[in-house]
Amino acid sequence: MSTVTRMSVVMFTVAVLCVSGMIDIADAQSFTAVRPGGRAGNWEFFLPLVYTDSSTMGGQNGSRADVNAGWGFGFGFGYNFTDNFQLNGLFSWSSRSYDATTSSGVRYSNWLDTSTISLNGVYYVLPGNITPFVSAGVGLTYIDTNIPSSPGGTSCWWDPWYGYVCGNYVPTKTENAVTYSVGVGVRFDVNRQFSIQPSYNKAYLDINKASGTPDFDIWRLDFIFRM
C-alpha cells in the first residue's frame, strides 16, 4: 500500500471516528424515541464521500493503465421498505490520475474521469439504531480517458447572456461499462433526521477489450438525511 493510500485510509478512518464520536453508545437505545416507527416507510437522501484505492487495468497485447487512488463524491435517494431492507439509487463521480503503458512500450500519464449511476439493495441485519449491513448493486459507469480520439474542431452556440459564442473542443476516447458492486458496513442512526454509514465496497467493471475484469476497492462514508 502506497504512502498516499495509507494516509487517505487514515483520514477516512479519522473522519468516521470523529463523526461517530457524536454518538453516545451508552444511550443508543434511546434513539428510537426520536425516530418513531423506525426506518420502515421512509425516504432518505444521502451524500457519500468516496475514496477509491489504486488499481491496475490490463489491456490487449500487454498494455495497461495504473490508476492512482483518489477521492470522489455523489448523491442518492433511498426508500426503506422495512427496517431491514432499503432500495436506493446513487450517482457518483471522480477524477483520478493514471500512468499508462501501450502495447509498444510507450508510457504516458493522464486523468481518468468516471461517473456511475447505480441501483442498490441494502440489507440491515438489525432493526435498531446501530446495525451492520450488506449491499449489492448494478449500474453503468461512463469512463473518459481524456485521450484525444480525433483532431477536434470548433463549435458555436447561442448563449442567453453573451450572445453567439464559439469554442474549440477535442473529442476523447470514452466508454460505458456495466458495473457490479458488493459492500459491507455499519449504520449509525444518530437521531430522527440524521445517520452516518461507513462501508467497504468492491466494484467490478465490464470493460470491452480489457484483460480480465477490472476491480476497485472503495471506501465510503455516507451522510444520510431522513426525509
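Cysteine 156 is partly exposed, with a relative accessible area of 36%, where buried means under 20%, exposed over 50% and partly exposed in between, computed with a 1.4 Å probe on protein chains only. This is a predicted model, in which local features need pLDDT of at least 70 and side-chain atom pairs count only at pLDDT 80 or more, while totals for chains, interfaces and linings use all residues. Residues are numbered from 1 along each chain as its sequence is written, and side-chain values use heavy atoms, with hydrogens and water left out.

Cysteine 156 forms a disulfide with cysteine 166, the sulfur atoms being 1.9 Å apart, and a search of the whole structure finds one such link (a pair of cysteine sulfur atoms within 2.5 Å). The link is right-handed, with 105 degrees about the S-S bond. Because cysteine 156 lies in strand E8 (residues 153-159) and cysteine 166 in strand E9 (residues 163-169), the pair ties together parts that are 10 residues apart in sequence; strands here are DSSP runs of at least two residues, numbered from the N terminus. Cysteine 166, at 44% relative accessibility, also counts as partly exposed.

The aromatic residues come next. The structure holds 12 aromatic pairs, a pair being rings of Phe, Tyr and Trp (its six-membered ring) whose centres lie within 6.5 Å, with planes under 30 degrees apart counted as stacked, over 60 as edge-to-face and the rest as tilted. Phenylalanine 45 and phenylalanine 77 form a tilted pair, 5.1 Å centre to centre with 50 degrees between the planes, and this pair links strand E1 (residues 42-52) with strand E4 (residues 70-80), across 32 residues. Phenylalanine 45 is partly exposed at 23% relative accessibility, and phenylalanine 77 is partly exposed at 40%. Tyrosine 200 and tryptophan 219 form another tilted pair, 5.1 Å centre to centre with 55 degrees between the planes, in which tyrosine 200 belongs to strand E11 and tryptophan 219 to strand E12.

Methods. Helices (H or I, at least four residues) and strands (E, at least two) are DSSP runs, numbered from the N terminus.
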